[in-house]
Amino acid sequence: MNNHIKQAGKVLQQISPILDNFIQQDGTPGLLSGYTGCALFYAYYYYLTGKKKYLKQVHTVMLKSIQALSEQEMMLSHCSGISGIAWSIQHLINAGFAEGDGMQDIFEEADEILGNFMDEDLRDNNYDFLHQGLGTAIYFLERLPHPTAVKYLSGVVQQLEKSAVSDAQGIRWKDRFSLTSREELERGQSCFNLGLAHGMPAIITILGMIHEKGIEMETTRRLIEGSLQWLLAIQNPPAEGLTSIYPPLVGEANEAINGAQSRLGWCYGDLSVAATLWSTGIRLGQPVYQQAAYTIFEHSIHQRNPKNGSVHDACLCHGSAGIAHIYRRMALHNPDALLLQGADKWLQATLEMNTWEDGLAGYKFFAHPDYHNSYNLLEGITGVGLALIAAVDTQTQPAWDRCLLLS
């Protein structure tokens, strides 16, 4: 393991100057898809190294992002728009990397814009975490205890309560974002998404976060417990060659849509579900959910590999660095030897992927049918760097991963 840590440190030394050039040249803001996410890399790399040049880069990216908010027309989403940018600025202020003086007017303007966007999208049943209204809840969670944040988060719970499908099977929310869900709707059928990026795990996790903050506690607990009842009941039936416990999508009869096998990653599949069960069990004080999560983690560590997990690169979203980080993050709550084994296994896989001579620090990222260079947090080198920092710096809580619903 010590050798892995040394290797990770060397890779981080390569990533840092690459991102220095990227933030100077790139004009696309965005927390998960643009240069804004680099501020998180520099912040946590400063924690690791203590070098003030990285703290200076945090401020450089923050100022560039703030300037973009005033000068560029952009989307409102968590992944690529104002929600994610505002979250990152608030997170860095809360973490002590910058002063909040002079930012009040900016945040109050963002509160109104983003609150209206979130309310409207949720009323229209647009629950996608990355690209629709639900992701904005993360910004307001970061804004707490501001009373405006409490108001809008209460509205999230109330809207989710209104739109929930509730019956003897439990509680769930229809997917209206994925291509498959739109095709199912055209046939008069409903689709339910099992990924943190776009589906039920994100809704449940955000409800758990809101519950933890003491907002709408009775309603959030009822919605969470009903949705976890449904989630625990829709596992794949055993089948030859099937290595995933959960499918990526199910229909009204809880049957898998487009196949029962799901990838291994943050965005979809067993780790999405397990991370949700784990964190929500902690927030509700219900160890039974953590035990259910541990069973999934144990299966994935023993049974899943790059081939049957469709792991083609090292990114956070659906690659090896994201897998390693999920196991390591869960082990922070419970320093279990098996979880640490899983983290180390996938850290090794990540370090073995930097083989591209024309890649960024040796890395390229898969976008069918080819591999390409990517700098961003979700699918690129910034995210790989953050996962490596978390592996090396065991003294610092990787709170940056709240933007991916992992803390």
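**Figure 1. Salt bridge between Arg283 and Glu212.** Arg283 counts as buried, at 14% relative accessibility. In this predicted model, the side chain of Arg283 meets that of Glu212 in a salt bridge, with an N to O distance of 3.0 Å. Arg283 belongs to helix 11 (residues 270-284) and Glu212 to helix 9 (residues 200-212), so the pair ties together parts that are 71 residues apart in sequence. Glu212 has a relative accessibility of 46% and therefore counts as partly exposed.

**Figure 2. Salt bridge between Arg328 and Asp344.** The side chains of Arg328 and Asp344 form a salt bridge, with 3.4 Å from N to O. This pair links distant parts of the chain, 16 residues apart: Arg328 is in helix 13 (residues 320-333), and Asp344 is in helix 14 (residues 337-351). With a relative accessibility of 12%, Arg328 counts as buried. Asp344 is partly exposed, its relative accessible area being 23%.

**Figure 3. Salt bridge between Asp167 and Arg172.** The closest N and O atoms of Asp167 and Arg172 are 2.7 Å apart, and the two residues form a salt bridge. Arg172 counts as buried, at 3% relative accessibility, whereas Asp167 counts as partly exposed, at 37%. The structure has a count of ten salt bridges, among them the pair shown here.

Figure 4. A disulfide is a covalent bond between the sulfur atoms of two cysteines. The structure holds zero disulfides, where the criterion is a pair of cysteine sulfur atoms within 2.5 Å. For Cys317, the closest cysteine sulfur is that of Cys267; the separation is 3.8 Å, so the two sulfurs are too far apart for a bond. Cys317 has a relative accessibility of 5% and therefore counts as buried. For Cys403, the closest cysteine sulfur is in Cys79, at 9.9 Å, which is also too far for a bond. Cys403 counts as buried, at 0% relative accessibility.

**Figure 5. Patch of negative charge on the surface.** Four residues, Asp105, Glu108, Glu109 and Glu112, gather in this patch of negative charge. Asp105 is placed in helix 5, which comprises residues 104-123. Because its relative accessibility is 60%, Asp105 counts as exposed.

How values were computed:
Residues are numbered from 1 along each chain as its sequence is written. This is a predicted model: local features need pLDDT of at least 70, side-chain atom pairs count only at pLDDT 80 or more; totals for chains, interfaces and linings use all residues. Side-chain values use heavy atoms; hydrogens and water are left out. Patches are made of residues with over 30% relative accessible area and no salt bridge: like charges are joined within 9 Å, nonpolar side chains (Val, Leu, Ile, Met, Phe, Trp, Tyr) within 5 Å. Accessible areas come from the Shrake-Rupley method with a 1.4 Å probe; for residues, only the protein chains shown count as cover. Lys and Arg count as positive and Asp and Glu as negative; His and the chain ends are not counted. The place of a charge is taken as NZ of Lys, CZ of Arg, CG of Asp or CD of Glu. Helices (H or I, at least four residues) and strands (E, at least two) are DSSP runs, numbered from the N terminus. Buried means under 20% relative accessible area, exposed over 50%, partly exposed in between (1.4 Å probe, protein chains only).
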